[in-house]
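Please open the model in your viewer and keep the selection tool at hand.

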Amino acid sequence: MSQQYPSQLLEKAVSEFSKLPGVGRKTALRLVLHLLRQEPSAVDSFTAALSNLRHNVKHCKVCYNISDTDICPICSNPRRDKTTVCVVENIQDVMAIENTQQYNGLYHVLGGVISPMDGIGPNDIEIDSLAKRVGEHEEIEEIILALSSTMEGDTTNFYISRRLAPYSRKISVIARGISVGNELEYTDEVTLGRSIVNRTPFNS
């Protein structure tokens, strides 16, 4: 039985919130009612922050991480090790690895992994830009493949290793301290940090 709402505006707001991942209609209703109890200025600040995020956030032209500028703070930091590039699936993975404080190189965010079941092929993620980046920057000595230990992650690792083979660079994969099937962003920082430090050569 569908829930009845005393206001169409309330129902519309609940419907929009329930479109968020992991948010059902009951949770959406609690969130909307919470906002209704706030001062209008607080709600205006909340909605303005979301609108500003969506319209003004950028993707770094070098690594495709989220940034407020064309080149993200990591890529523009002269103290970062420019000889290593860590390849990750998404922005959350960059944040997870940074929280370990065990890695001081650069990143390359693919924006997904190869998944034929979901209709995602090599051309749908940032593999071409990775190959171009490696080819144009001779200072890059090592590419670290830090994708989740899933079938899709392993398939993407294999494809990248074949794609980068002509450049004769060291290709390593993070140590399997991360359980097979686990998502990188949910791995604890100690395990993730150890995996980065103890990375192993990638054997395609």
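The model is predicted, with local features requiring pLDDT of at least 70 and side-chain atom pairs pLDDT 80 or more, whereas totals for chains, interfaces and linings use all residues. Residues are numbered from 1 along each chain as its sequence is written, and side-chain values use heavy atoms, without hydrogens and water.

First, select Leu10, Ala13, Phe17, Val32, Leu35, Leu36, Val43, Phe46, Thr47 and Leu50, which line the largest pocket. Helices H1 (8-17), H2 (25-36) and H3 (40-56) each give two or more residues to this lining, and H3 supplies the largest share, 4 residues. By class, the lining has 9 nonpolar, 1 polar and no charged residues.

Next, display Cys86, Val88, Ile97, Tyr107, Leu145, Ile160 and Leu164, which touch the most other members of the 39-residue largest nonpolar core (buried Ala, Val, Leu, Ile, Met, Phe, Trp, Tyr and Cys residues joined through side-chain atoms within 4.5 Å; buried means under 20% relative accessible area, with a 1.4 Å probe and protein chains only). Another core, of 8 residues, lies apart from it and includes Val14, Phe17, Val23 and Val32.

Centre on Leu164: beyond four places in sequence, its contacts (heavy atoms within 4.5 Å) are Leu130, Ala131, Val134, Ile143 and Ile171.

Finally, select Thr84 in strand E3 (residues 81-88). Is Thr84 buried or exposed? Thr84 is buried, because its relative accessible area is 8%. Not counting residues up to four places away in sequence, Thr84 touches Tyr103, Gly105, Leu106 and Glu142.

Methods. On a 1 Å grid over the protein atoms alone, a cavity is a set of points where a 1.4 Å probe fits but cannot get out, and a pocket is an open set with protein on both sides within 12 Å along at least five of seven lines; lining residues have an atom within 4 Å of a point. Ala, Val, Leu, Ile, Met, Phe, Trp, Tyr, Cys and Pro count as nonpolar, Asp, Glu, Lys and Arg as charged, and the others, Gly among them, as polar. Buried means under 20% relative accessible area, exposed over 50%, partly exposed in between (1.4 Å probe, protein chains only).
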